[in-house]
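Here's a quick briefing on how parts of one protein chain hold on to each other. Take a look at the structure first, then work through the points below.

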Amino acid sequence: MGGQSLHVLNALDVAKTQWYHFTAIVIAGMGFFTDSYDLFCISLVTKLLGRLYYTEGYDKPGSLPANVSAAINGVAFCGSLAGQLFFGWLGDKMGRKRVYGMTLMLMVISSIASGLSFGKDPKAVMATLCFFRFWLGFGIGGDYPLSATIMAEYANKKTRGAFIAAVFAMQGFGILAGGVVAIVVSAIFSALYPSPTFQVNPILSTVPQADYVWRMILMFGAIPAVITYYWRMKMPETARYTALVAKNTKQAAADMSKVLQVEIEAEAEKVEELEGRRERGNEFGLFTKQFLLRHGLHLVGTASTWFLLDIAYYSQNLFQKDIFSAIGWIPAAKTMNAIEEVYRIARAQTLIALCSIVPGYWFTVALIDRMGRFTIQLMGFFFMTVFMLALAIPYHHWTMSGNQIGFVVIYSLTFFFANFGPNATTFVVPAEIFPARLRSTCHGISAAAGKAGAMVGAFGFLYAQNAIGLRNTLIILSAINFFGFLFTFLIPESKGKSLEEMSGEAEQNDTPATASAMEAGLEVRTSV
């Protein structure tokens, strides 16, 4: 590290993996567990909403009007986009910790409110659902930049990638939990309130009690967030924010001395040096020529790859049920009653999560600090492109009886390489390569670009499937993945480097020998 680097930051960079690292992963990760549960559980109940509120005038049970379906699936992404920009900016202005609790409480309140509605009229129910899912998305959006930044600033440089990826990997468990909760709730209601299939009796196939099923599934997302709130409030502010942004090196040293359980010098004399750097113009803002020259292409790279990834990823995830129905893996809707359909959809989605989504995340956690972010992201986009083409080109073959399992296997592999690939790395990299004073903001901008892609996926997939068919839609998605492969070349590799090295905040006039000696001295001190 450079001449201006602080002992407290070096201590974090070279610290051995300790209990507080795992505590931080769980505290930040439970937020992501809630995020993914809330974002993806809606896809489990949309067909039930269609049966309950839009039965007249539609031949296919569970069909929602196109505009209603797009709104329900996409409104949370609109909120997420706004939340990522707002809370990302606020995290750099007010501090990570102060904003962290706000996002969680917003998620709790909105999760519970999403299961409530004003009246029984379809328009009233859908309007209420969309309103509260927007604010749910707003809170979820804030969790992205804050969780990534907090974990990056707490971690050591040797295993930082794995720690940040582990926070994001909780998303896989959230998707899995959504499916499990839907299976359990639908199984209980199916046993308590048996009903005929739609083709036997269209009216009796949807029992009135089914209205409680979707509400319970949506409201369950508040539970893990409530449990996490207390522990989030007990976390100290990150040392990098306190020292580099708030310029309070004494407080940073005191906080991290407690966390690391070692004595760390306060280095109060360096406050004046840091202030001098600010006055000399070294601490450039986001909308400056210096930022454009140093980090402009990096921000384009992180934002564009996240945007392109989420078009494909959310298209696949939100509309799994439609894809599975199209190839015949889920029975025709008319052969099931309303609650059984929820059960079947949840079972299929849980199987995909268990066999491909969750393993993909943890492959990234295990290998990201060995293979590097760049290699994993490039590999992921490449295989997503290949496997989507493998689904699209012989699409007719996959729809024939007996071939569905092959389709599901290849489809699962696209998810595996999304998560052992760009879905994880696009979250990790923006938390590592930008200056501390802009880190949360730039991560928020990158994540917001991703949610813009998710909106394109949520709204666009529905209309594309109806207009040009599933085969052509898959070809378009494979082309999008290929562009993600190309834009990955704009992103630098951050493996094994400190945050200050990546962001340019470290001074360049120290020799490697000096830096190594300093780190060696710190390793001795932190082991005392």
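This is a predicted model: local features need pLDDT of at least 70, side-chain atom pairs count only at pLDDT 80 or more; totals for chains, interfaces and linings use all residues.

Residues are numbered from 1 along each chain as its sequence is written, and side-chain values use heavy atoms, with hydrogens and water left out. The structure holds 13 salt bridges (a salt bridge is a side-chain nitrogen of Lys or Arg within 4 Å of a carboxyl oxygen of Asp or Glu).

- Glu153 pairs up with Arg439 in a salt bridge, and their closest N and O atoms are 2.6 Å apart.
- Glu153 sits in helix α6 (residues 122-154) and Arg439 in helix α20 (residues 436-487), so this pair ties together parts that are 286 residues apart in sequence. Helices here are DSSP runs (H or I, at least four residues), numbered from the N terminus.
- Glu153 counts as buried at 1% relative accessibility, and Arg439 is buried too, at 0%. Buried means under 20% relative accessible area, with exposed being over 50% and partly exposed in between (1.4 Å probe, protein chains only).
- Glu153 and Arg439 also belong to a network of salt bridges that links them with Asp92 and Arg96.
- Glu432 makes a salt bridge with Arg160, with 2.7 Å between the closest N and O atoms.
- Glu432 is in the loop between α19 (422-428) and α20, and Arg160 is in helix α7 (residues 160-192), 272 residues apart. Both Glu432 and Arg160 are buried.

- Arg215 forms a salt bridge with Asp211, and the closest N and O atoms are 3.1 Å apart.
- Both residues lie in helix α8 (residues 210-219), 4 residues apart, which is about one turn of the helix.
- Arg215 counts as buried at 12% relative accessibility, and Asp211 does at 18%.

**Two helices packing together**

- Helix α2 (residues 19-40) packs against helix α5 (residues 96-114) at an angle of about 35°, and their axes are 11 Å apart. Axes are lines fitted to C-alpha atoms, for helices over the stretch in contact, and angles run from 0 to 180 degrees between N-to-C directions.
- On the α2 side, the contact is made by Ala28, Gly31, Thr34, Asp35 and Asp38, and on the α5 side by Tyr100, Met107 and Ser111. Contact means heavy atoms within 4.5 Å.
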